[in-house]
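Please keep the sequence and the 3D view at hand while reading.

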Amino acid sequence: MFTGASLAYGIPNVGTSLDAWFEMDYIVLWGFNPNVTRIPDAHYLWEAKWRGAKVVVIAPDYNPTAIHADLWIPIRPGTDSFLALSLVHVVLEENLYQEEFIREQTDLPFLVREDDGRLLRLADLRKGSRDDVFFCWDEASGKHAALPGSQGHFRKTLRLGTLRPALTGRWQVTGHDGRAIPVTTAFERVRAEAAKFAPERTQAHTGIHPEVVRRLAREYAAAHDPGLTIGFSLHKYAWGILACWGQALFCALTGHDVVDTEHQWSLGGIGPLSSPKPARFGSGFLGEWFAGKMWETFLRHYAGKAFAERSGIAPEELVRLAEHAREEKWFAHHGEPKVRLLFADNTFRRNKSSVHYRKAVLDATELLVNANVRMDSSAELADYVLPAASHYETWDIRGEVGYHRFANLAVPAPGLAPVGEAKTEWEICRLLAEHIAAAAKRRGIDRVADPEFTVTRGEAKEPVTRDLDTLADDFTLQGKLATDKDVVQWLLDNVPAFRPWKLTDAAERGFIVLGSEAGLTSPLYADRPYRSFEEQFYLKRPYPTLSGRQQFYVDHALYLRLGCACPTARAPLHPPKFPLAFYSPHTRWGIHSTWRTSKLMLRMQRGVPHVNLSRADAARRGIRDGDRVRVFNDVGAFYARAKILPALQPGTLMMDHAWEPHQFAGRAGMDTPVAGLLSPLELAGGWGHLRFGAEWDGNQLANESAVDVERA
Ligand SMILES: Nc1nc2c(c(=O)[nH]1)N[C@H]1C(S)=C(S)[C@@H](COP(=O)(O)OP(=O)(O)OC[C@H]3O[C@@H](n4cnc5c(=O)[nH]c(N)nc54)[C@H](O)[C@@H]3O)O[C@H]1N2
Ligand SMILES: Nc1nc2c(c(=O)[nH]1)N[C@H]1C(S)=C(S)[C@@H](COP(=O)(O)OP(=O)(O)OC[C@H]3O[C@@H](n4cnc5c(=O)[nH]c(N)nc54)[C@H](O)[C@@H]3O)O[C@H]1N2
Ligand SMILES: [Mo]
C-alpha cells in the first residue's frame, strides 16, 4: 500500500501508465528496480533515455536499473523521508514552486489554528456546525472565507472563483464563543517544517552530498515533463509513508503532476460477481500482526530507548495503539479463524518473523486447506491440498493494476486434460459451495445469522443472514456461471472497460485493449499514455480527500501528537544493537516464491539461498564468497551462502526475497529474523479520508530489522 499517496490524494495508486516514460525528459526512479520487477515495460525507460531523457535512480545498492541510469544516488536504507524533505526545502528556499498550482490544487492555503495545531473548521466559528468545511485567508476581501470542494462543502469544485487564497501570513478569526483564534496557513507550517531539513543537515542521515540534492531539486523543477516513480520498497520501511507524502509535496510544489505509484484502472461493473452480503474483508497488515502474535517479536527487537526517541512513541504504547485501532474499528478485524482456506497465498513464506508466525497461526488453526498449483511452503503444512489448474490451463482475465493498457486473457489450449485431480479455482469454489449447500440441507439448516453484520429494514436492525442452502445458486448467479469460461464471458459482456471485445477475438489475441472507461481520474485515450487526475487538473473536480484537494496537513490527533501533521522526516528504526540493516527487494528469478525452486531458474543464480554482503562487512568477519553463514538477531536466525556484492553499502545486508522456507535448514526462512513492526502513522483511522478500505490500509515492514552475520 502506498499510504503516503493515500494521505495526499485519497487514492494509493496514482500516476501514469508506464509508456508515459517514453515521453518524459527527466525520470526519477526512487526505491524502484524496473529492470528486474517490470521486465516487460522497462524498455520505455531506455528508449526515453535514447530520446534524451535523464534517468536518476535513488537506491542504497547499485541495482540492475541503476547501472543504466545517468545518475545513481546511493541513499542509506530507510532515510528517504530526509531526502524528500530536503528536496522540498530547496524548492521553497530557492522559490522554485508554482504558486497558482498549489493555491488551487492543494490544501496549502488552508487556515491552521496556532493554539492547537488543528485545521480551522466551520464548527470552530459556528457552534454545532460542520467540521468538514475549511477556510483560507482571502486576499481579495481581506478576511477568511470557506473553500469549496471539501467533503462538507456544498460546492463540489476546486474552482476558486473570486477567492484569492493567501499562502503566507498570520491573522485572527473570532470563534463561536467570541474569543479570538490565531491562525496561519498550512503552507507556513510546511515551510517551517521543511526549514529544519536543509540538505547540509540531512546528509548525516542519508549519506548524500548536499550539492547532489540541490541539483536534483533544480533539475526536476526546471524539466519540461519530469516523472518521479516510486517502487514498493519504500513503504516496507516505517517512514515510507512520510517519504511518499514528502515526494507528493515536492511534486505539487514544482507543479509537475503527482508522485507516480503506478495508477490503478477502474474496472467497474463487476459488482454482481461479488457477494450480495457484506464480506468479512479484514485489514491485512493488522490481521497478520494479531494472527502471528507479532507484538512478541516486536517488543523483543525494539526494546530500548532508541525506538521511542526516533518514533515519538514507546514500543508498549505502539502495541496499545494497534489494539486501540482494532477496538475503535479504525481497521476491520474479525478475530482468528479456526478454519483457513488459502488460495495462491504463500502465507508461511510471505510473513515476517516466519518461524514465530508459523507456530502462532498453526496453533490457532483447526483446519488448514490450501488450493495451489504446487507444494509451496504453505501447501506442505495444510491438512488438505486442493490441486488447482495453473493459469495456462484456465480461462481468466488479469488486468487489475494499471501499468499498461492491456488485460491479459488466459486461454487453455484446446483439448487440454487436467493434470491429476486438478480443477480450476472457479470449479473448486463452486463445488465447495454445492457441498456446503447439500450438507446444510441434510442437517436442516437453511440460513444462519451473522454475529456481527446487520442490515436496516425500515426502523429495525436485523442480522445479515448467511444463506447456506442457496450458497451454490448465489455463487453461480443462479447457474449462469458454471465454469471459468462462463465467468470470462460474463466479464466481457458486463465490464464497460472491456468493450467492445468479444470472447473469440480476445481469445485469438490473448489480450484486451482497455477502453476509455478504464481511466479512474482521467480518460484512457487510445493514442496517449494515461496520466491521473485530469478531472482534477482541468475539470476542477475535488480529490477524494477530506479537504477535496491534495492534502498536506492532517490534523488527526495521532499525527499532531507524533509531530507529523505535515510531511516531515524520521530516522530509521533499525535497533542499534545489531550492526546491519537487513532489506529484501524482489527477485529477478521468480515471482515471489513462484518459480523460486525451479531448477532452470536456480541455474541462473547460485542454486541455493544466498545473502549479499558488502566487501567491507565480509572482510571484517572473515567471510569469503560462497561461505555458509548464519544471519541472526534476537528474533531468530537462518543459514544461507554468502555472496560478496561490491554494489552494496557497508552496514547493509541484502537478500532477494521469497526463497521458500523449505530451501533452508530447519525450514527457517529468510524472514525468520524480521521482527513484527507497525508504522504508527498507518494505524490512524476514523478521520476524513483515513478510513479502512481499499484506499487506506497499512503495510508489513520487511526492511526495518537489524541483524548480524557470522561464518557458520
Ligand atoms: N521478477 C519479479 N518481478 C516482480 C515481482 C517479483 O517477485 N519478481 N514482484 C512484483 C511485486 S508484487 C512487487 S510489490 C514489485 C516490487 O518491485 P519494486 O517496486 O521494484 O520494489 P523492490 O524490488 O522491493 O525494491 C526496489 C529497489 O529499492 C531499492 N531500495 C531498497 N531499500 C531502499 C531504501 O531504503 N531507499 C531507497 N530509495 N531504495 C531502496 C533497492 O535498490 C531495490 O532494488 O515487483 C513486482 N515485479
Ligand atoms: N522479505 C520480504 N517479504 C515480502 C516482500 C518483500 O519485499 N520482502 N514483498 C511482499 C509483497 S510486495 C508481496 S506482493 C508478497 C507476495 O506474497 P504471496 O502472494 O504469498 O506470493 P508467492 O510467494 O508467490 O505465493 C503465491 C503462491 O500461489 C501459488 N500459485 C501460483 N499461481 C497460482 C494459481 O493460479 N492458483 C493458485 N491457487 N495458486 C497459485 C504459488 O504456488 C505460490 O506459492 O510478498 C511479500 N513478502
Ligand atoms: Mo507486491
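Which backbone N or O atom lies 3.0 Å from a nitrogen atom of ligand 2? The atom belongs to alanine 371. This is a predicted model, in which local features need pLDDT of at least 70 and side-chain atom pairs count only at pLDDT 80 or more, while totals for chains, interfaces and linings use all residues. Residues are numbered from 1 along each chain as its sequence is written, chains are lettered from A and ligands numbered from 1 in the order in which they are written, and side-chain values use heavy atoms, with hydrogens and water left out.

**Ligands**

Around ligand 2 there are 23 residues, of which Asn372, Arg374, Asp376, Glu425 and Ser593 come nearest; a residue is counted here if one of its heavy atoms lies within 4 Å of the molecule. Ligand 1 is surrounded by 30 residues, and the closest of these are Gly78, Asp80, Phe232, Gly590 and His592. The table lists polar contacts of both ligands, a polar contact being a pair of N or O atoms within 3.5 Å.

| Residue and atom | Ligand atom | Distance |
|---|---|---|
| arginine 38, polar side-chain atom | ligand 1, oxygen | 3.4 Å |
| asparagine 63, side-chain N or O | ligand 1, oxygen | 3.1 Å |
| serine 233, side-chain N or O | ligand 1, oxygen | 3.0 Å |
| lysine 352, polar side-chain atom | ligand 2, nitrogen | 3.2 Å |
| aspartate 376, polar side-chain atom | ligand 2, oxygen | 2.4 Å |

**Barrel**

Six strands form a closed barrel in the order S18-S22-S19-S21-S20-S23, with mixed pairing; strands are DSSP runs of E with at least two residues, helices are runs of H or I with at least four, both numbered from the N terminus, and two strands pair if DSSP finds at least two bridges between them. Strand S18 (residues 580–583) and strand S23 (residues 705–711) run antiparallel and are joined by three bridges, with alanine 581 standing opposite alanine 706 in S23.

**Helix pair**

The axes of helix H4 (residues 80–93) and helix H8 (residues 199–206) come within 9 Å and cross at roughly 170 degrees, where axes are lines fitted to C-alpha atoms over the stretch in contact and angles run from 0 to 180 degrees between N-to-C directions. H4 and H8 are therefore roughly antiparallel to each other, a term that applies to angles over 145 degrees. In their contact (heavy atoms within 4.5 Å), Phe82, Leu83, Ser86, His89 and Val90 of H4 meet Pro199, Thr202, His205 and Thr206 of H8.

Conventions
Angles under 35 degrees count as roughly parallel, over 145 as roughly antiparallel, 65 to 115 as roughly perpendicular and the rest as oblique. A polar contact is a pair of N or O atoms within 3.5 Å; within protein, one must be able to donate a hydrogen and the other to accept it, and residues adjacent in sequence count only if both atoms are side-chain atoms.
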